[in-house]
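Here are my notes on the model, as numbered points. Please read them with the coordinates open.

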Amino acid sequence: MMKILTTSDGSHTLQSERVDDTYHSTNGAITEADIVYIKNGLHFCFENHSGTINLLEVGFGTGLNALLTAIEATKQKRKVVYYTLEPFPIPAEIASLLNYGNYALENDSLNIFSKIHKSLWEVPVDITPYFTLIKLMSTLEEIDFGCTQFHLVYFDAFGPDKQPEVWEEKLFKKISKQLIYKGILTTYSTKGEVKRALKKNGFLIEKLAGPPGKREVLRAILSTKEI
């Protein structure tokens with residue numbers, strides 16, 4: 001069961017009974033996603049890497065990060081191929097009630113958000129000329145990316161206290177092997193075990209100012225491939 005909640009900035013989030021947690025901060029879902037993933041992640045990646053950006057999201061959830069990324073990629077005219085993992089997709093009827101598409105973003109937001117949720121799983125779908133979506137109904141542990149290399153990772157699973165198995169050191173090692181040198185990972189969690197797992201696998205950690213209700217968030221840069 002899921003319950004729609006309105007966060008402090010007016011945008012929706014969901015309360016999941018399965019893990020007893022919300023998908024976003026109740027201090028503002030769009031505000032949080034914009035700071036942690038778009039400003040700290042996508043903008044930084046655009047500044048530091050040229051050409052097409054391969055992006056991996058751990059935790060598709062409501063599709064908010066995908067929507068904001070599609071909007072920004074299209075605005076900047078930068079091609080993003082967006083791989084996103086979600087073993088427990090939200091029901092279509094719930095997704096259709098979320099207000100991101102008409103929440104003061106961009107004129108085409110509603111159409112983009114609808115395309116994101118209606119697109120098929122396991123195959124590439126062009127949502128805009130600059131944003132290709134690949135939704136994968138799998139966990140990070142199960143998935144095999146083959147030789148695909150990523151420039152950027154949005155790590156947006158439920159928190160370590162709720163889903164500790166998703167934050168295990170071995171999974172950050174798996175991510176490090178799929179990232180290019182100086183690839184980027186952004187996440188809202190600043191837990192000690194998260195920082196230690198990243199550092200152990202070749203990442204340099206930056207603590208950045210967080211969104212309302214959270215003092216700090218993380219950006220990690222892969223500084224070595226000798227792991």
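1. What covers the buried residues of α2? The cover includes α1 (29-48), β4, β5, α4 (109-118), β7 and β8. Buried means under 20% relative accessible area, exposed over 50%, and partly exposed in between, with a 1.4 Å probe and protein chains only. Helices (H or I, at least four residues) and strands (E, at least two) are DSSP runs, numbered from the N terminus.

2. On provenance: this is a predicted model, in which local features need pLDDT of at least 70, side-chain atom pairs count only at pLDDT 80 or more, and totals for chains, interfaces and linings use all residues. Residues are numbered from 1 along each chain as its sequence is written, and side-chain values use heavy atoms, with hydrogens and water left out.

3. Helix α2 (residues 64-76) is mostly covered, with ten of its 13 residues buried. Among them are Leu64, Leu67, Leu68, Ile71 and also Glu72. Contact means heavy atoms within 4.5 Å; axes are lines fitted to C-alpha atoms, for helices over the stretch in contact, and angles run from 0 to 180 degrees between N-to-C directions.

4. Two strands pair if DSSP finds at least two bridges between them. Strands β5 (80-85) and β7 (131-136) run parallel over six bridges, and Thr84 stands opposite Lys135 in β7.

5. An open sheet of three strands has the order β1-β2-β3 and antiparallel pairing. Strands β2 (12-16) and β3 pair over two bridges; Ser16 has Asp21 in β3 as its bridge partner.

6. Two lysines deserve a look at the backbone. Lys77, in the loop between α2 and β5, has a positive phi near 55° without being a glycine, and counts as exposed at 60% relative accessibility. Lys182, in strand β9 (179-187), has a positive phi of about 65° and is partly exposed, with a relative accessible area of 47%.
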